[in-house]
Every structure is written in structure tokens, then in C-alpha cells.
Amino acid sequence: MKRVLSGIQSSGNLHLGNYFGMLSRMIKYQDENDLFTFIANYHSMTTIQDRSELQKNTLGAATDFLALGLNPEKSTFWIQSDVPQVTELTWFLANISGVGLLERATAYKDKISKGLTSNMGLFSYPLLMAADILLFGGELVPVGKDQKQHLEISRDIALRFNKIYGNVFKIPRADLDINNQIVRGIDGQKMSKSYGNTIPIFAPEKLIKKQIMSIVTDSTAVNQAKNIDNPLYQLYSLFLNEQETDLLKDRFLTPGLRYGDVKKELYEKVMEHFRPFRQKRQYLEKNQDYIFQVLKNGADKARLIGREYLAKARAAAGLNYWE
């Protein structure tokens with residue numbers, strides 16, 4: 001049984017990109033693997049400095065994950081900041097990682113080019129991500145294409161630490177779903193809360209419909225075939241099996257299709273798919289004591305594992321000077 005590990009930032013409402021990029025895969029893993037998953041609120045601090053917003057988003061993300069099917073009896077689920085050993089390990093890793101390694105991270109450059117404010121937290125994001133994985137012995141890490149480089153950086157850091165201090169950490173490997181491309185937002189870019197182009201899962205129905213009806217399409221006339229290389233086609237395909245996707249492709253390539261009609265169909269698909277999850281979330285919102293207990297139990301278990309790996313790292317680096 002492999003230890004599968006991943007986390008999700010608490011930086012706003014969960015959206016289709018989160019769900020199809022990682023969440024749905026993580027939930028499937030819990031039946032046959034040792035699943036460790038967390039709400040990455042330390043990472044969220046790179047863009048959120050408002051205390052109330054961070055707390056609200058953190059609890060909201062935990063509630064969302066449980067509503068979508070995460071089973072705390074089959075997994076270890078916690079909030080990142082409840083296991084502070086991860087920040088100590090980040091300092092260990094910072095001291096054996098070259099600046100050039102972080103400078104090569106394309107995700108940082110992309111975020112800055114999109115207008116996000118540069119800070120050291122954002123720049124050193126891969127170090128904290130590596131600590132998230134190594135502190136708990138993560139072996140298999142589900143990532144999207146945009147996070148693959150960060151996982152490779154984590155591997156490089158783990159290998160270097162082990163080379164310097166001995167065999168302390170397991171070397172993680174990426175679990176990249178080759179069948180799923182990056183989920184595109186309503187503007188055609190990668191779907192991201194940072195870009196304001198998401199389709200949220202648990203937002204009011206009117207907002208979800210508004211976002212779907214705002215998906216950018218081209219000006220191709222109704223009596224012409226449509227290009228399938230657009231966000232509407234890709235987003236609709238996420239909810240279809242192979243045969244249904246072929247039928248959708250035929251519709252796009254056959255003159256007469258109206259984008260507005262497809263958007264309305266997509267809205268119905270989204271609401272149908274997530275209806276039971278939305279109902280469960282309403283129940284969880286009324287039972288927050290249960291959520292708090294789940295997170296406490298998960299943090300207790302995660303701390304035990306984290307302390308074990310951190311103790312090994314401290315000993316290897318020579319910080320247990322009393323022994």
C-alpha cells in the first residue's frame with residue numbers, strides 16, 4: 001500500500017479545476033492506498049493577508065473536501081498549519097537548495113507575469129511543497145501538469161538531502177493523469193482563483209450559471225462548423241464518457257450548433273453532477289463540530305508521522321547535540 005499525498009490551497013471557493021485536477025482523484029485513492037491530504041493554508045498566505053478571509057477559506061475548503069466524498073475513516077486529513085513541523089523542515093531544505101533551482105520554477109514567473117505581487121513566500125513555494133511531501137513520507141503525489149515541475153524540484157531536494165545527510169527521506173514520484181489536460185477557465189486560460197476565471201462548485205446557482213454563460217467563445221456563425229479547441233468544449237467534455245465526447249465533437253463540427261445552447265446544457269450537467277455533494281455540504285455546514293473533530297484527529301495522526309521524520313532529519317543534521 002503506497003502513501004499518496006497531496007494538498008489544496010485554502011484561497012477561495014473550490015472550482016472545477018480543483019475537482020477534476022486533483023480532488024476527484026484523491027477521493028478515488030482512499031479506497032486502496034494510505035491517503036494523506038491537507039488544506040494548505042500556509043501556501044495561501046502568499047496571496048491572502050486578511051485573517052478573517054484566511055480562516056473562512058480554510059474551514060470552507062475542509063468542508064468542501066468532506067462534502068465531495070473524502071472519508072476521514074480511510075484517510076488522514078488535516079490543516080497544514082496544525083502540523084507546524086513542516087515549517088522547520090522547510091528551513092532544513094532551504095539550506096541545501098540552490099537559488100537557481102527555485103529561479104527555474106515557471107509557476108512563479110507565470111504568477112508574477114499575471115500581476116501577482118512578488119514575495120519570498122511565493123518564490124520559495126517549492127521548498128514548502130517539498131517539506132509537505134517529505135515530512136509525511138509521501139511516495140505518490142497526484143499533480144496537474146502545472147505542478148509537475150514543483151514535484152520534480154521536491155525530488156531533487158530530497159535526493160540532495162539524502163546525499164548530504166544519509167537516507168532520511170523517501171523519494172516521491174509524480175502521479176500525472178495523462179488523460180486530463182489542464183482545466184481551462186471561462187477565459188481560456190488555466191482555471192485559477194488568481195485569474196478570476198473559475199466555475200465554482202458550491203456557489204449559488206445564479207453565480208454558477210453566470211460564469212458558465214460567460215465562457216469565451218469565438219464569433220463563428222451558426223451555419224459554420226465550430227472549433228473544438230475552446231474552453232466550452234473542454235469543460236463540457238469533463239462530464240462525458242468517451243462515446244458522449246465523440247458525439248459532442250460531431251455536434252461542434254456540424255453546422256447549426258449554437259454556443260448558447262451548449263452553455264445551458266453544461267450548466268445542467270454541472271448542477272446534476274454536484275447536486276448530491278451540494279446537499280451534503282449544507283448538512284456539514286450545520287454540523288461544524290464534526291468537521292473540527294475530523295481535522296483534530298487528522299492533525300494528531302499527521303503530527304506523529306511528521307515528528308518521526310523531523311527527528312530523523314534533526315539527528316542527521318547534527319541538531320540533537322545532547323545525544
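Student: Is Asp229 buried or exposed?

Tutor: Asp229 counts as exposed, at 55% relative accessibility (buried means under 20% relative accessible area, exposed over 50%, partly exposed in between, with a 1.4 Å probe and protein chains only). Please note that this is a predicted model, in which local features need pLDDT of at least 70, side-chain atom pairs count only at pLDDT 80 or more, and totals for chains, interfaces and linings use all residues. Residues are numbered from 1 along each chain as its sequence is written, and side-chain values use heavy atoms, without hydrogens and water.

Student: With which residue does Asp229 form a salt bridge?

Tutor: A salt bridge is a side-chain nitrogen of Lys or Arg within 4 Å of a carboxyl oxygen of Asp or Glu. Here Arg184 is the partner of Asp229, with the closest N and O atoms 3.1 Å apart. The two lie 45 residues apart and link distant parts of the chain. Arg184 is partly exposed, at 21%.

Student: Where do Asp300 and Arg303 lie?

Tutor: Both belong to helix 14 (residues 288-317), three residues apart, so about one helical turn separates them.

Student: At what angle do helix 10 and helix 13 pack?

Tutor: Two packed helices are described by the angle between their axes and the distance between the axes. Helix 10 (residues 205-213) and helix 13 (residues 259-285) pack at about 145°, their axes 9 Å apart. Axes are lines fitted to C-alpha atoms, for helices over the stretch in contact, and angles run from 0 to 180 degrees between N-to-C directions. Helices (H or I, at least four residues) are DSSP runs, numbered from the N terminus.
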